[in-house]
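Student: Please take me through one part of this model in detail. I would like to know where it sits and what surrounds it.

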Amino acid sequence: GSVCAFLESVYRHSGRRVGLYTSPHLVRFGERLQINRVPISDSDLARLVGELKEIVGTLPGLEPTFFEFTTVLALRYFAEQKIDLVVWETGLGGRLDATNIVTPLASVITNIGLDHVQVLGHTLAAIAAEKAGIIKPGVPILTATDEPDAEAILRFKAQELDAPYLLVGPAQAAAFRLEVGLAGAHQRTNGALAAATVRLLRALLPVSDEHLREGLAQARWPGRLQVVERGAQRLILDGAHNLAGIRALRAALPPLLGDLRPTLIVGMLADKECVAMLKELVPLAGRVITAPVASGRTTSAETLRDAAVATGTGRPVTAAASLAEALRLSAADPLVVITGSLYFVGETMELLGLSAATGPEERTLNEWAP
């Protein structure tokens, strides 16, 4: 997602109209389809949904998934708006992803971690094979993957399809000197990967050095180390939801914390490595409040509480009945970190009034099924 934000920002600063397709949405469905960071209007969305429902109704036996329906809707919307280019974020994996019907100018695989293992596989090599499914014959593929097994799979697939291959490794990321608008060392790697993609495509999509610098420096991505000031209180919202993301968050937090130990409010889905993730985070905290994610797939606050206690750090841990209660319990604390799930961060943004949905069901569309 962050690489998508960098690419969108660079090309928008170069004067182009840029479509951005991402998932999940944090609060409003329209976040998924944006043009120059303006979400699709409710009227356009309602019109396109109606048109597609009518088409689906004429095709007996066709039962598209929510993501497939949304992807086709995005294709129609971006086409009718006659934009200059689209930055597509894949949904899950790559090989069987609905976005894989697009033949891009370049494919980008940021990194590979153990996530969605029930669908993608239980090893990095298996997950890499699924993600490598976005590699197209002759289309350049760029990656910052630093896991040897995963990187070998991507390289082999690129060679098999005669796709130019570029690895932005730790050395290139460490040498990257341009300012990026997102906090954390991992975002410097993402910025380096985005810059490499822009430079590779300059023959097709010219971008000046000035626009490249401006775009990277002014990129914004809600819910990723987002700092919110609420009176005397500072909150840091981050949607890290797997072990790799939590480790990146832990590495990025110290400069933002200063001498304070924050209150950690955490909620996680049940298919995550909750114990390992808490072992990374709890030592940074002064105290911990666990809460359920507003999802049928949530880990209970009590289970998270027990896992936090089991880290052996001695931090006081409280299980809250809801995120709203967790926010009330921490209202007097000067520094609060909220993390563990993008859904959790989206609910936080809604409760804090940072982004308003048209109705309480809009955020829950992330898990809608027919």
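Tutor: Start with G267. With a relative accessibility of 0%, G267 counts as buried (under 20% relative accessible area; over 50% is exposed, in between is partly exposed; 1.4 Å probe, protein chains only). The model is predicted, so local features need pLDDT of at least 70 and side-chain atom pairs pLDDT 80 or more, while totals for chains, interfaces and linings use all residues. Numbering runs from 1 along each chain as its sequence is written, and side-chain values use heavy atoms, without hydrogens or water.

G267 belongs to the loop between β10 (263-266) and α12 (274-281). Helices (H or I, at least four residues) and strands (E, at least two) are DSSP runs, numbered from the N terminus. Which residues touch G267, leaving aside neighbours within four places in sequence? They are A291, V293, L304, T339, G340, S341 and F344. Contact here means heavy atoms within 4.5 Å. P24 is 243 residues from G267 in sequence; the two C-alpha atoms are 17 Å apart.

Now look at the rings. The whole structure holds five aromatic pairs (Phe, Tyr or Trp rings, the six-membered one for Trp, with centres within 6.5 Å; planes under 30 degrees apart are stacked, over 60 edge-to-face, the rest tilted). Y21 and F67 have ring centres 5.9 Å apart and planes at 45 degrees, so this pair is tilted. Y21 is in strand β1 (residues 18-21) and F67 in helix α3 (residues 66-80), so the pair ties together parts 46 residues apart in sequence. Y21 and F67 are both buried. Ring pairs join Y21, F67, Y77, F78 and W88 into a cluster.
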